[in-house]
Amino acid sequence: MTNYILRGGEVIDGTGRQRFSCDVAIAGDRIAAIGLGAKDVPKVTGAREIDVSGKIVAPGFIDVHTHDDRALFASPDMAAKASQGVTTVVTGNCGVSLAPSFETRRRRLRST
């Protein structure tokens with residue numbers, strides 16, 4: 001079932017092609033349909049439609065070099081990354097990591 005329909009955004013898809021105007025339907029955590037207008041992406045009962053005219057629509061970004069090991073334990077929702085469009089982080093870079101970790105250590109990290 002489609003949860004969201006983004007209408008009128010400029011899509012940058014990461015393939016290197018030029019941006020293009022498009023509507024995007026999202027079902028759960030997947031892109032369900034793309035197209036231009038109701039013919040390609042029809043209205044769906046229960047789906048929230050959002051006018052994103054003048055905004056960029058892009059897939060989630062992957063941050064391949066982070067030092068977010070502690071942040072993952074301290075703030076598992078990673079809101080700071082998600083607010084920037086980052087949906088995947090690679091940790092353990094530079095030969096340093098907080099993993100493996102034990103529950104008591106995780107609790108201590110959250111309280112600091």
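**Strands and core of a predicted model**

Setting aside neighbours within four places in sequence, Leu-6 is in contact with Cys-22, Asp-23, Val-24, Ile-26, Ile-50, Val-52 and Val-57.

The largest nonpolar core consists of seven residues, namely Leu-6, Val-11, Phe-20, Cys-22, Val-24, Val-52 and Val-57. Two elements, strand 1 (4-11) and strand 2 (20-27), each give two or more residues to this core. Of the elements, strand 2 gives the most, with three residues. In soluble globular proteins, nonpolar side chains tend to be buried together.

The pairing of the strands may be followed from strand 1. Strand 1 and strand 2 run antiparallel and are joined by six bridges. Within this pairing, Ile-5 has Ala-25 of strand 2 as its bridge partner. Strand 1 also pairs with strand 4 (residues 48-51), here in the parallel sense and over four bridges. In strand 5, the residue opposite Val-11 is Val-57. Val-11 and Val-57 are also both members of the largest nonpolar core.

Attention may now return to Ala-25, which has its place in strand 2. Is Ala-25 buried or exposed? Its relative accessible area is 3%, and Ala-25 is therefore buried, since the limit for a buried residue is under 20%. Apart from neighbours within four places in sequence, Ala-25 is in contact with Thr-2, Tyr-4, Ile-5, Arg-30, Ile-31, Ala-32, Ala-33 and Val-41. Among these contacts is Ile-5, the residue whose bridge partner in strand 2 is Ala-25. As for Ala-25 and Arg-48 themselves, their C-alpha atoms are 9.8 Å apart in space, while 23 residues separate them in sequence.

The aromatic rings remain to be considered. How many aromatic pairs does the structure hold? The number is zero.

Definitions and conventions:
Residues numbered from 1 in each chain as written. Predicted model: local features only at pLDDT ≥ 70, side-chain atom pairs only at ≥ 80, totals over all residues. Heavy atoms only, no water. Core = buried A, V, L, I, M, F, W, Y, C linked by side-chain atoms within 4.5 Å. Buried < 20%, exposed > 50% of the residue type's maximum accessible area, 1.4 Å probe, protein only. Contact = heavy atoms within 4.5 Å. Pairing = 2+ DSSP bridges. Phe/Tyr/Trp six-rings, centres within 6.5 Å; stacked < 30°, edge-to-face > 60°.
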